[in-house]
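Hi everyone, thanks for coming. Let me put the sequence and the model up on the screen, and then I'll talk you through them.

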Amino acid sequence: MSGIKIRGTGKGVPAGVITNADLEGLVDTTDAWITSRTGIQLRRRCDGQSLTDIAVQAGRQALTRSGVTPEDIGVCIVATLTPDTLVPSAACCLQRELGLPEDTLCFDLNAACTGFLYALHTMECLLAKSPRKCGLVVGAERLTRVTDWTDRSTCILFGDGAGAAVAEWREDFPSICAVLGCRGDQELLRLAGPGAPEPCYIQMEGRKVFKFAVEVVPLCIDQVLAKAGKTVEDVDFFVFHQANARIIDLVVKKYHIPEEKYYKNLARFGNTSAASIPLVLSELEEQGKVGPGSRVLMVGFGGGLTWGGAYVEFA
Ligand SMILES: CC(C)(COP(=O)(O)OP(=O)(O)OC[C@H]1O[C@@H](n2cnc3c(N)ncnc32)[C@H](O)[C@@H]1OP(=O)(O)O)[C@@H](O)C(=O)NCCC(=O)NCCS
């Protein structure tokens, strides 16, 4: 037995707000349509803040809450598809801003909305070999930079934000039992990079992604529970990627998950991709809903296509 537990979490919330009423002024949509079809009412936007700024805010809070100092960190991974610059990576920027030791392994990871779970699994593997047994995992996005504000099928969904978790690896901790997957697909969800002939905006086949999500989320739950040897009842809290309230509603109904065991904050944040799961974790810790001993099952899905689940305990 060896693995990681979460010691503490944090969030970085941008100052700007985009309401459904703001979007009514941009595209042919209504507050009623957005609320009923997605559950989203507000999203945050970095106004005068960089991705690094909100990632630092989240990382610093996670360090403080976990009682871990920057000198204890051996690995820092930022899951993002919207770093301020490709080089230096967002993780390298965090090294400087948080004062992490110069021999900290720092890099960015892109698995779209599943990025935080890919990063958490990668963290568990790397900490096993690291001389320092604590790691910082951040999910941070500035999706408003890559949103097409003339496309009503996507611009209503996405927002900016950051979430972070400090993980500690120990020989006597259980593994997080991650299940991760990928199916290369250019059609359903796409974001071109700099220099591409097409514009650098998120393009999506919403209805098909919805269908993919409602198929893959239960698959992840089943596989993680089987791998961890747990049942739905053994889990204290379910944390789902916040993409659409209807996806979460369908899944909790299927598994008879009671209201007090899951959480939705997408009304206030929209879909923040890699930041969405750690943002939820951070708010749960803030509200005392998770803490030492809590057993959490997280599920994410997104572009790539990617998907994943992980069972994790809080230290
Ligand atoms: C994008 C999404 C909200 C669209 O909701 P939907 O119920 O599937 O809506 P549809 O795409 O079927 O469109 C239904 C109608 O609403 C219209 N519509 C689409 N966006 C609209 C908007 N913002 N306002 C008003 N009408 C809109 C469509 O044009 C369509 O009109 P039509 O019937 O006349 O052709 C939904 O498919 C979704 O959330 N998909 C998953 C997206 C996701 O999770 N992405 C991130 C993965 S990490």
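I'll start with the sheet, move on to the helices and the core, and finish with the ligand.

First, a word on the model. This is a predicted model, where local features need pLDDT of at least 70, side-chain atom pairs count only at pLDDT 80 or more, and totals for chains, interfaces and linings use all residues. Residues are numbered from 1 along each chain as its sequence is written.

Two strands pair if DSSP finds at least two bridges between them.

So, the sheet. It is open and has 5 strands, in the order E1-E7-E6-E4-E5, with mixed pairing. E1 (3–12) and E5 (105–109) each have a single partner strand, so one side of each is left without a neighbour in the sheet. On average, neighbouring strands are turned by 20° against each other, direction ignored; axes here are lines fitted to C-alpha atoms, for helices over the stretch in contact, and angles run from 0 to 180 degrees between N-to-C directions.

Let's zoom in on E4, residues 73–79. With E6 (residues 134–142), E4 pairs in the parallel sense over 6 bridges. Valine 75 sits opposite glycine 135 of E6, and isoleucine 77 has valine 137 as its bridge partner there. With E5, E4 is again parallel, over 5 bridges, and here cysteine 76 stands opposite cysteine 106.

How many residues of E4 are buried? The count is 7 of 7. Buried means 20 or more other C-beta atoms within 10 Å of a residue's own, exposed means 12 or fewer, partly exposed is in between, and the C-beta atoms are placed from the backbone.

Now the helices. H3 (residues 51–66) lies across E1, E4, E6 and E7 (160–170), and runs at about 125° to E1. In H4, the buried residues are Ala90, Ala91, Cys92, Cys93, Leu94 and Gln95, and they pack against H3, E4, E5 and E6. Contact means backbone-placed C-beta atoms within 7 Å. Leaving aside neighbours within four places in sequence, leucine 94 is in contact with several residues, among them Ala55, Cys76, Cys106 and Val138.

Proline 88 is partly exposed, with 16 other C-beta atoms within 10 Å. After H4 comes glycine 99, with a positive phi near 70°.

Leu94 turns up again in the largest nonpolar core, which has 104 residues; Leu94 is one of those touching the most other members, together with Ala55, Val137, Val138, Ala140 and Ala167. A nonpolar core is a set of buried Ala, Val, Leu, Ile, Met, Phe, Trp, Tyr and Cys residues joined through C-beta atoms within 7 Å. H6 gives the largest share of this core, 9 residues.

Finally, the ligand. It is surrounded by 19 residues, the closest being Thr29, Gly206, Ala243, Asn244 and Gly302; the cut-off is a backbone-placed C-beta atom within 6 Å. H2 (31–38) and H6 (206–228) are the elements that give two or more residues to this shell. Which of them contributes the largest share? That is H6, with 5 residues.

Terms used. Helix = DSSP H or I, 4+ residues; strand = E, 2+ residues; numbered from the N terminus. Contact = placed C-beta atoms within 7 Å.
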